[in-house]
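Have the sequence and the 3D view open while you read.

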Amino acid sequence: MHEKINEPIKVLASFLKGQVSPLSFVWQGRRYNPTKINLVHSERKGKGKIYYFSVSDNSNFYRLAFNNENLNWRLMEIYSQN
């Protein structure tokens, strides 16, 4: 099942050697712990960039977006295998 979300989330991320990696995120009061980053890509938005992270855990795939201009994170989509 595919669901478009586009809502703000809280993210615990690692910023090492010029790279961002989401470690966990909170959406609607629930913590999600992705175990794998499957794909990262970016697009220009004005002066900044939006970085998209396709991450997964044992049962779902999530698409997260990080805006490097305002440092906001959003959950864009969920792909569930149920």
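1. In which strand does Ser 80 lie? Ser 80 sits in strand β8. Bear in mind as you look that this is a predicted model. Ser 80 is buried, since its relative accessible area is 18% and the cut-off for buried is under 20%. Setting aside neighbours within four places in sequence, Ser 80 is in contact with Met 1, Ser 59 and Asn 60.

2. Now step back to the sheet. It is an open one, built from 5 strands in the order β1-β8-β7-β6-β5, with antiparallel pairing. At the edges you'll find β1 (2-8) and β5 (36-45), each of which pairs on one side only. From one strand to the next, the twist averages 15°.

3. Take a look at the β5 end. Strand β5 is joined to strand β6 (residues 48-56) by 9 bridges, and the two run antiparallel. A handy spot to check this pairing is Ile 37, which stands opposite Val 55 in β6.

4. Then there's the charged pair. The structure holds 1 salt bridge, in which the side chains of Glu 77 and Arg 63 meet at 2.9 Å, N to O. Glu 77 belongs to strand β8 (residues 73-80) and Arg 63 to strand β7 (residues 60-67), so the pair ties together parts that are 14 residues apart in sequence.

5. Arg 63 is partly exposed, at 22%.

How values were computed. Residues numbered from 1 in each chain as written. Predicted model: local features only at pLDDT ≥ 70, side-chain atom pairs only at ≥ 80, totals over all residues. Heavy atoms only, no water. Salt bridge = Lys/Arg side-chain N within 4 Å of Asp/Glu carboxyl O. Helix = DSSP H or I, 4+ residues; strand = E, 2+ residues; numbered from the N terminus. Buried < 20%, exposed > 50% of the residue type's maximum accessible area, 1.4 Å probe, protein only. Contact = heavy atoms within 4.5 Å. Pairing = 2+ DSSP bridges. Axes fitted to C-alpha atoms, helices over the stretch in contact; angles between N-to-C directions.
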